[in-house]
There are 2 protein chains.
Amino acid sequence: METARRVFRSYGFAPIDTPALELTEILLAKVDDGAEITKQLYRFKDAGDRDVALRFDLTVPLARFVSQHFSTLGMPFKRYHLGSVWRGESPQAGRYREFMQCDFDFIGTLANAADIEIALVIHDLMAALGFERFTIRVNNRLVLNGLLDSLGLNAQGPSLLRSLDKLAKIGRENVRDEMIREAGVTAEQALGVIALAETTGSNDAILAQLAERFAGNAAALKGVANLGEMTRVLRQAGVPEERFQVDLAICRGLDYYTGTVYETFLNDLSTIGSVCSGGRYDNLTGRYTKQALPGVGASLGLDRLLAAMEELKLLPKTSTPAPVLVAQFSAERLGDYQRVARMVRAAGIGCEVYPEAKKLGAQFQYAERRGFRAALIAGPDEFLASQWKIKDLALRTEIVSTEPKVVENLQTILNAEILNAEIRNTNVEIRNNESK
Amino acid sequence: METARRVFRSYGFAPIDTPALELTEILLAKVDDGAEITKQLYRFKDAGDRDVALRFDLTVPLARFVSQHFSTLGMPFKRYHLGSVWRGESPQAGRYREFMQCDFDFIGTLANAADIEIALVIHDLMAALGFERFTIRVNNRLVLNGLLDSLGLNAQGPSLLRSLDKLAKIGRENVRDEMIREAGVTAEQALGVIALAETTGSNDAILAQLAERFAGNAAALKGVANLGEMTRVLRQAGVPEERFQVDLAICRGLDYYTGTVYETFLNDLSTIGSVCSGGRYDNLTGRYTKQALPGVGASLGLDRLLAAMEELKLLPKTSTPAPVLVAQFSAERLGDYQRVARMVRAAGIGCEVYPEAKKLGAQFQYAERRGFRAALIAGPDEFLASQWKIKDLALRTEIVSTEPKVVENLQTILNAEILNAEIRNTNVEIRNNESK
């Protein structure tokens, strides 16, 4: 979450938070009475006898928030929101009734530049979390709609796309059968839709093929052009080509989306599904105001990502956010320990002082379990000489430093860790190259 | 909240989060049936017919969390928690039914070093938020108990301290009358308690006076010694003396506290009350396990602080977390705009690309409203010369930079802002010195 916040901020996305409790009529505006979500709602009467419920996603509160504060927000408006949502589902592995969502949206512009930025944010999020091998798969609903149009299947569109969305999961035969059954199309028509989704090739090859196929279909060509611009801009902005793939099978089940759609897969853990998905929509605020407000955004699947990071061993073993521990050698020197700790903190390095003058062995045991990177130690000898011992807890080495040099020496140790990580990455690259 | 997280992390406090919904029996364990909070609870039956409620503070969930995960957490354990709590109070100015709490606690040690660290965290939090003139007022319940003991008023202690807690608000006469009425003490006894609370002087003077007064009273002297050690360590660690005051009137109303108690006041806005309060407690987990777990912690009053920062004009006028805007001069150069933006972000500087190739005037209007600090602009001339115009939006100056120098030039502009802030602070110090 800290990493995600940092990436969002670096792109100028502002954090918002809204109350967990909303009036039920707000949450269920425009939701069908029979919809699954109405049964999953945590709903009750508050002390003032108002019908309230806990939010079930962050999109409805965003729509309410933007409708209410439209005049003061100013457009375009970029926000991220990390917050809990509640759904009374039957619990199953990896599913919770209260879980954290992480949404980011670029609202108030139709420009494809916003769609491109969402792809860039997804890329930088994944990279910042430590993932190396992932693929952002992107499509555009305008292309899919152009296809349906050319096959005369506009009316059956929503049903067909809901089925197509299951292609990776249930396979082409099952999708075909479902399309015949649910949308009432012929086997030939179903296979026509599936065939386009199965187009493979480099981004440029797919785009060239689409441009040819949809010549004269203005709406579809707009979609192709937007995908083309996204491909070029990501390339120029330095996103490795293998991390971005135009994929005509990506359609997202929801009727909601009208343009770009995104899914993000981990190459080494494809079974867990998309870890970051979203798309462009025409009208965020339609349920509350007459003003149509377009936007584009995505949602980071925190629970899935955490599971994946655990599986891929990307989670740091440390359980302290501070890398440096000042050991407490003698209780009467606490003022000196806190003084040097504040000096270290002022240089931007987290630093903790052990609270008791226990045996050093016990303090180092604590340091090891918590995953500290370095320890500062001073006893009578060091105080006499105005020196500090600095222990590198990973390499199990020790140096002696004058007090004014403590920060510099700690920085060297902490940077060395980054250097080691770089060396590791280089090795991975070498291996990857060798296996090609 | 970002600033608070940064300070907590710098001291090695780990973030935790717990579900907003808990079983009602967990939340109300050891709460009296008639207690106000039972009426304020947002309580209902969930889909599984379990009696659940939204948490009303972050302390009870912490106690439940630590009891449940004691064996894996390891002690000492330092955590912070930023989260919403719910209380069905009648709404009034500055009071919400759903509001954010910010707690930090140092658990599992009796060492006074932990109490001292909490005071240091409070200091660094307030300073990092931009406050210059504030006072952390600290007392120790052991001293107050020593006083009550010496007056033979142990049994009436809780009632007397609840009244004493109102001294600043309702004045000595009203406190005296309440003590006589509620605790059944004589006017003389009441005034004896109030007199100690009214002791003023430098920290060293108060401590010397206490040491003399409580000679032979071991418990009270322990409290005096702890306050003395805190005074000395804060001084050595570099906390300005005027920001820390031993204050015998601070007692906190709750029975819960057993040692150090803290309140924090803004010198220029004393009427809003304490913005950060807390204390030491003997037994966090008593309601759930037999194991007694001591700790010390405090709570930052976010709503009050925000109101104060608004009043004292400490809130930045910017509404973008990114200081740099790349203007979009021509749409076909989007790849170059995002490329340079990623370069700036990689250097740790937040950077946003305007999504549409609107007239520059409109883009600068957006930049001004959002409070960007600098803008990067490149049109045909600049691309031909591989240059970027950098506009300082605060000083309204402009320079031309080669691309490799863009980050360095932006850093100069952003650091200049820091320099200006330092100049402002210096002026404030000069004024403060002059008014002495």
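## Backbone features and the chain A–chain B interface

A:Lys313 is located in the loop between helix H12 (302-311) and strand E12 (324-326) of chain A. In this predicted model, A:Lys313 has a positive phi of about 55° although it is not a glycine. The residue A:Lys313 is exposed, its relative accessible area being 74%. A positive phi of about 55° also occurs at A:Arg396, again not a glycine. A:Arg396 belongs to the loop between strand E15 (387-392) and strand E16 (397-402) of chain A, and is exposed, with a relative accessible area of 63%.

| Residues joined | Omega |
|---|---|
| A:Met75 and A:Pro76 | about -5° |
| B:Met75 and B:Pro76 | about -5° |

A:Pro76 is in the loop between helix H4 (59-73) and E5 of chain A; B:Pro76 is in the loop between helix H4 (59-73) and strand E5 (77-86) of chain B.

The contact between the chains involves 68 residues from chain A and 68 residues from chain B. Together the two chains bury about 5200 Å², with 54% of it on carbon and sulfur atoms. On the chain A side, A:Pro321, A:Arg342 and A:Pro355 lose the most area to chain B, together 12% of what that side buries.

Five salt bridges are found across the interface. One of them pairs A:Asp124 with B:Arg342, whose closest N and O atoms are 2.7 Å apart. Polar contacts link 26 residue pairs between chain A and chain B. Helix H13 (334-346) of chain A is among the elements that supply at least two residues to the side touching chain B, and H13(A) gives the most, with seven residues. By residue class, that side of chain A divides into 34 nonpolar, 14 polar and 20 charged residues.

Notes
Residues are numbered from 1 along each chain as its sequence is written. Chains are lettered from A and ligands numbered from 1 in the order in which they are written. This is a predicted model: local features need pLDDT of at least 70, side-chain atom pairs count only at pLDDT 80 or more; totals for chains, interfaces and linings use all residues. Side-chain values use heavy atoms; hydrogens and water are left out. Contact means heavy atoms within 4.5 Å. Buried area is the accessible area (1.4 Å probe) that two parts lose on being put together, summed over both. A salt bridge is a side-chain nitrogen of Lys or Arg within 4 Å of a carboxyl oxygen of Asp or Glu. A polar contact is a pair of N or O atoms within 3.5 Å; within protein, one must be able to donate a hydrogen and the other to accept it, and residues adjacent in sequence count only if both atoms are side-chain atoms. Helices (H or I, at least four residues) and strands (E, at least two) are DSSP runs, numbered from the N terminus. Ala, Val, Leu, Ile, Met, Phe, Trp, Tyr, Cys and Pro count as nonpolar, Asp, Glu, Lys and Arg as charged, and the others, Gly among them, as polar. Buried means under 20% relative accessible area, exposed over 50%, partly exposed in between (1.4 Å probe, protein chains only).
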